[in-house]
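Hi everyone, thanks for making time this morning. Have a look at the model on the screen while I talk you through how some of its pieces pack together.

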Amino acid sequence: MIYILYSNDYEVFLGGNYLPENDVLISTTENILKSCEEIGVPMTFFCDLTCLWRYRELGYTEFPDAVEQQLVQTIRSGHDVQTHIHPHWLDTEISYGKNGSTSYKVDPSKFLMGNWSPEDGTSLRDFCVGIYTKAKQHLEDLLIPIDSNYECMAYRAGGYGVQPNSGDIYSALQNSGYKIDSSIVPGMTYETEVNRIDFTKVPSLGNYSIDPDKGLTRASDTGVFEIPVLALRKGEARWPLAKAFFRKVIKSFLSREKRKRLGYPIQMSHAPAKDNTLTQQLLAEFKIIRDGWYMLELGEDADLMMDVATRYIDQYKNDNTDLYVSISCHSKSMNPRILKAFKKFHRQLDSLYGSHLKAITFKEAEQFLKQEMKVS
Ligand SMILES: [Zn+2]
């Protein structure tokens, strides 16, 4: 069976938001929930809990209250909620501007969990255990009264940041009762002033377990079960990306629609400057095509998503074992065109693979894996 796990990194912009938080996260999520209902699929919301804790600590309770109300609603509607941690929030200053906009003052060295060295002498592993346990407790206290079977046991690292010191991170996850991780994006490399990722040497398998003592490059039978985020490795996505580029060129001749941004990322200390020139944009597009690496984040081009997803599934599916595939999105980046493409994409996947494919939550994945003794 091919299991598709639609997932959502449920968070505001980490640099700042042009609109009130509710417009950036709550309303956009409502629209996604409607789309999920239309196509009959569940979604797992990886909630950025450290953000909620910091808001409350600084006396801003309205936004975390609205988030919790929405999480309760998603569980009532058959979706799932799991843990997403951006640890820099523990130390972030929040300022409100005009019309409910926000900006955040951040220490970039605190972005990656594995870079923390707590001043009180706590080890990195114990620091991680503290946060993962608090997050699990927070979600279970909130959601078990709604669904007595609810369990927090899956994790997605903020910014996919499970490096450096991944041994401490995975050992802490295991120790805090997390059974599934979905932070690995095969083939991804990323280096900014805050984040550093190298997933070029992770196992070329659909799923595997991560043993904290063996690191990220070796598949294991025991440890934390990995459901990677769907991505084609370097070179594999050249043709799908080239086709998508030509579709985009034709489309942009037909429409001159301006994209509206609701916020800006953590890498920018201020709002982004003007768009690049056409030549710069073209060069950037060609570089992306030449690299041929592509991560499937729900986007506006359903044909590209279909092209990439079928290549990935056909590469990793195996008649003897189930394949668990995670596809990611962010509420804050959603717009009506993405929602339309999402529905088209899922309907196409459904008609291509028929009864061999099913959309499930992380909680359901855990139940299936338990039956097969792949998680304890
Ligand atoms: Zn995030």
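Let's start with a pair of helices: α8 (residues 302-316) and α9 (residues 336-353) pack with their axes 9 Å apart, at an angle of about 40°. Before going further, two housekeeping notes. This is a predicted model, where local features need pLDDT of at least 70 and side-chain atom pairs count only at pLDDT 80 or more, while totals for chains, interfaces and linings use all residues. Residues are numbered from 1 along each chain as its sequence is written.

Helices (H or I, at least four residues) and strands (E, at least two) are DSSP runs, numbered from the N terminus. The axes are lines fitted to C-alpha atoms, for helices over the stretch in contact, and angles run from 0 to 180 degrees between N-to-C directions.

Back to our pair. α8 and α9 are therefore oblique to each other; angles under 35 degrees count as roughly parallel, over 145 as roughly antiparallel, 65 to 115 as roughly perpendicular, and the rest as oblique. The crossing of α8 past α9 is right-handed, meaning the near helix is turned clockwise from the far one by less than a right angle. Which residues of α8 and α9 meet? On the α8 side they are A302, M305, M306, A309 and T310, and on the α9 side A341, K344, F345, Q348, L349 and L352. Sorted by class, that contact has eight nonpolar, two polar and one charged residues. Here Ala, Val, Leu, Ile, Met, Phe, Trp, Tyr, Cys and Pro count as nonpolar, Asp, Glu, Lys and Arg as charged, and the others, Gly among them, as polar. And contact means that two C-beta atoms, placed from the backbone, lie within 7 Å.

Next, the helices around α3. α1 (residues 21-39) packs on α3 at an angle of about 10°, with the axes 10 Å apart, so α1 and α3 are roughly parallel to each other. From α1 the contact uses E21, N22, I26, T29 and L33, and from α3 it uses F63, A66, Q70 and T74. Those residues divide into four nonpolar, four polar and one charged.

α2 (residues 49-57) also meets α3: their axes come within 8 Å and cross at roughly 140°. That makes α2 oblique to α3. L52, Y55 and R56 of α2 make the contact with F63, P64 and V67 of α3. By class there are five nonpolar, no polar and one charged residues.

At one place in α3 (residues 62-76) we find E62. Is E62 buried or exposed? E62 counts as exposed, because it has 11 C-beta neighbours inside 10 Å. The cut-offs: buried is 20 or more other C-beta atoms within 10 Å, exposed is 12 or fewer, and partly exposed is in between.

Now for the inside. The largest nonpolar core has 101 residues, and L5, V308 and V325 have the most contacts within it. Such a core is a set of buried Ala, Val, Leu, Ile, Met, Phe, Trp, Tyr and Cys residues joined through C-beta atoms within 7 Å. Leaving aside neighbours within four places in sequence, V325 touches I2, Y3, I4, L5, L230, Y312 and I313. I2 sits in strand β1 (residues 2-10) and is partly exposed, with 18 other C-beta atoms within 10 Å. The C-alpha atoms of I2 and N318 are 9.3 Å apart, although 316 residues separate them along the chain.

Helix α5 (residues 166-175) has eight of its ten residues buried, so it is largely enclosed by the rest of the structure. Its cover includes α4 (124-143), β7 (154-157), β8 (180-181), β11 (208-210) and β12 (224-226). Just after α5, G177 takes a positive phi of about 90°.

Last, a few backbone details. Most residues other than glycine have a negative phi, and most peptide bonds are trans. Y160 is buried, with 20 other C-beta atoms within 10 Å. P164 lies in the loop between β7 and α5, and the peptide bond from Q163 to P164 is cis, with omega near -5°.
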